[in-house]
Amino acid sequence: MIKSGFSQDTEKTGDVTDIIDPLNDAQRAAVTAPSQAMLVLAGAGSGKTRVLVHRIAWQIKAFGVPTHSILAVTFTNKAAKEMRGRIEDLLNISAQNLWIGTFHGLAHRLLRRHAKQAKLPETFQVMDSSDQLRVVKRLLQTLNLDDSKWPPKQVQWYINAQKDEGIRARHLPESGDLYQRQMLAVYKAYEELCDRSGLVDFAELLLRAHELLRDNPDVLEFYQQRFQQVHVDEFQDTNTIQYAWLRLLTQGKDNIFVVGDDDQSIYGWRGAKIENIYSFQKHYPNHQVIKLEQNYRSTGNILKAANNVIANNEGRMGKELWTDAGDGDLISLYTAFNEQDEAYFVVERIRTWVKEGGLRNDVAILYRSNAQSRQFEEKLMATGTPYRVYGGLRFFDRAEIKNALAYLRLMANRHDDASFERVINTPTRGIGNKTLEDIRTIARDQNIALWPAAVNLLNQGKMTPRAGLALSGFLHLIQTLDEQAAAKEELYEKVKLVVEKSGLLESYQKDKVDKGEEKVENLEELVNAAKLFDFEQSNEDNLSDLDMFLTHAALESGDGQAEEFEDCVQLMTLHSAKGLEFKLVFLVGMEEGLFPSQQSVDDAGRLEEERRLCYVGMTRARQLLYISYSESRRLYGRESYPRPSRFLREIPPEHLQEIRVRAAVTRPVSMPARQQSITTAIPSKYKLGQRVNHAKFGEGVVLQMEGDGAQERVQINFKQVGVKWLMLSFVQLEVL
DNA sequence: GGGAGAACATACTGG
DNA sequence: ATGTTCTCCC
């Protein structure tokens, strides 16, 4: 028997062959290691999740560790869900009692359970970042700060950055330059406002959960004893406060099992510290390190190319992925004329893939930023190819949904100023700026929340009859909704009540211009979501259905589109692709300024993070990887002619094949072809300014030309149909 | 006080 | 290019 530090509640150790047999040596060593600090350095596709899942299953089955004694932390809800599912499948049990969740989700759970010790009102509500931004904007106005000099986004970023490091306003020095003093003042005011309103932002969840454990020895001890093993996924992406939280929980027992890959750390911009991996080795001197380097996902070509790219980073812990699968196909590189052409190419390839029997679910289009998805969506839609966009505007982020939720929140907590501001005049009910300003003044002067301030204003009796009536109407509406909702048994009935009686539904039904119909549908979908909402997950916390639902909305903003079961192409950012894999991957927009992004090119550290992102993207592909960039791109309303991404040059040519038929076949990737073609003489029968006639478009004037041979194109300004690019090999033009 | 259109700012990633 | 705030007029 392998010696273990687990306490054994039971002698019945089950059959563990299912758990052990499918593993390779390194994986098995990690899974069966004794309970001590463990650092598993797992390269992309090396079976990271598998190790975690089997490790947890191993403890349950081999040692009878009760499920409620196991904690597993992930970064995304998707990862948490998947892990839970896989454990259930492997053990054929219900893993309901397992504490598996995101840092934010688990922190929230702790805070709900121990609201009092965390110095929070029982009714506290979670704000997402757009809520937070609104609050900051409001605050800057109150403090009379010019928001061109103090951009709200920057203030928000400052506050979150402090919290990520565990720094409260009171920890910051009063002295300092104007910028620091001002930021400190805002931070202080922000803390006060949140405390008064019972609002908690994302960073606050983590910070406060840490403080809860740190300052309440009884609470800390309870959880230290409860959790026999703490598992952490994507450890390289933990920030300072998350790591501090983990250390508190595992203090003295060193029962921490972390899995990570320094080459896949891509969240530095929200406070993640790769250094935590190095610190781990110092803080847990008796730790064991296991490296997983065998890749089971990608072909040799993809893997070698990715290895070469990431090798350009400095200070890596050193890992070289290998595979015993064959080399597979070369990576394909496509150079597009413009973003339209790029999208066209990608979609055509996908259609071919599907025609040849491939599944759309196995295909992903990965891009650096969400804004890039549109081109692809349009082309996919035009060809009737089902697709699904991850990220972007998600269900619970939609304005109409947030409005409805704000009603529910205000009903649950009258002191929620953010929600109060949101719905007081939504839909419009005759409460204008004047009234709102008066309420804010009272709130500020008496240091109370907006709701009681509104009550006070009304009681003063100084309002005009019309305004007074509107305000009391609103207060009564909330009061009545609250009472009626309390009488309803089911959650969805409460949601339905609010949607229908708040006036939201009615106002959207009337709205014909601004996608009112879609908003009505979304509100109906919200009621539906409430009906389907699964309460089991957090049943052991004595939360009301409504609180759970609201939390769910804040913490998991939901997917943008439904129809998960349909076979469809996946579109997402590189960030959200982490942890996933696809047979066919398109890595698009590989251009300087886009990827790596403009903001990162001057900073060595950020550039390395971009490179890791590129590494993450490439290693998503199992069989086929297509990389594309465009020679011209319309971005933010301006045409630009970007150079190919530097990362392309880091891929050894022997793993690449160029798809586009070009005049200069061996043109090095680093040479911007576009600039050449505009400056060189054009060997063509058309000249700039030449008047031509087209069978369909009529008469026009040649504006620009580029490419040669089969790739030659001209831009023509037609009298009737405007400016168009035409491929000369496809059209017949008559010279006039 | 409400609504429409102009002027204006802002453009990366996410729990 | 797009979303948000501002301004004007009823």
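This is a predicted model: local features need pLDDT of at least 70, side-chain atom pairs count only at pLDDT 80 or more; totals for chains, interfaces and linings use all residues.
Two short notes before you click on. Residues are numbered from 1 along each chain as its sequence is written, and chains are lettered from A, with ligands numbered from 1, in the order in which they are written.

**Stop 1**

Which parts of DNA strand B lie within 4 Å of the protein, sugar or phosphate, or bases? Of those atoms, 55% belong to sugar or phosphate and the rest to bases.

- His104: an N or O atom in its side chain is 3.2 Å from a base nitrogen of DNA strand B.
- Trp269: an N or O atom in its side chain is 2.9 Å from a base oxygen of DNA strand B.
- Gly430: a polar backbone atom here is 2.5 Å from a phosphate oxygen of DNA strand B.

The elements that give two or more residues to the surface near DNA strand B are α18 and α25 (574–577). Helices (H or I, at least four residues) and strands (E, at least two) are DSSP runs, numbered from the N terminus.

**Stop 2: strand C**

Next, select DNA strand C, which has Lys137, Arg374, Arg634 and Gly637 around it. These residues divide into no nonpolar, one polar and three charged. Of the atoms of DNA strand C within 4 Å of the protein, 100% belong to sugar or phosphate. Zoom in on Arg634: an N or O atom in its side chain is 3.1 Å from a phosphate oxygen of DNA strand C.

**Stop 3: a helix with a buried face**

Move to helix α19, residues 450–460, and colour Leu450, Trp451, Ala453, Ala454 and Leu457, its buried residues. Buried means under 20% relative accessible area, exposed over 50%, and partly exposed in between (1.4 Å probe, protein chains only). Look down the axis of α19: the buried residues fall within an arc of 160°, so they line one face of the helix. The arc is that of the directions from the helix axis to the C-beta atoms. An α-helix has 3.6 residues a turn, so residues three or four places apart point the same way.

What does this face pack against? The buried residues of α19 pack against α16 (399–412), α17 (417–423), α18 (433–446) and α20 (465–487). Just after α19, find Gly461, which takes a positive phi of about 70°.

**Stop 4: Glu650**

Jump to the loop between α27 (646–649) and β17 (656–658), where Glu650 sits. Is Glu650 buried or exposed? At 16% relative accessibility, Glu650 counts as buried. Its side chain makes a polar contact with the side chain of Arg611 (2.8 Å). A polar contact is a pair of N or O atoms within 3.5 Å; within protein, one must be able to donate a hydrogen and the other to accept it, and residues adjacent in sequence count only if both atoms are side-chain atoms. Not counting residues up to four places away in sequence, Glu650 touches Asn308, Val309, Asn312 and Arg611, where contact means heavy atoms within 4.5 Å.

**Stop 5**

Most residues other than glycine have a negative phi, and most peptide bonds are trans. Here are some exceptions to select:

- Pro427, in the loop between α17 and α18: the peptide bond from Thr426 is cis, with omega near -5°.
- Pro596, in the loop between β13 (582–587) and α26 (604–618): the peptide bond from Phe595 is cis, with omega near 5°.
- Asn92, in the loop between α4 (77–91) and β3 (99–102): phi is positive, about 55°, and the residue is exposed at 71% relative accessibility.
- Asn144, in the loop between α6 (129–142) and α7 (152–164): phi is positive, about 60°, and the residue is exposed, with a relative accessible area of 70%.

**Last stop: confidence**

Finally, colour chain A by pLDDT, the predictor's confidence in each residue, from 0 to 100. Chain A averages a pLDDT of 85, and 88% of the residues score at least 70. Over residues 661–683 pLDDT stays under 50.

How values were computed. Side-chain values use heavy atoms; hydrogens and water are left out. A residue is near a molecule or strand if one of its heavy atoms lies within 4 Å of it. Ala, Val, Leu, Ile, Met, Phe, Trp, Tyr, Cys and Pro count as nonpolar, Asp, Glu, Lys and Arg as charged, and the others, Gly among them, as polar.
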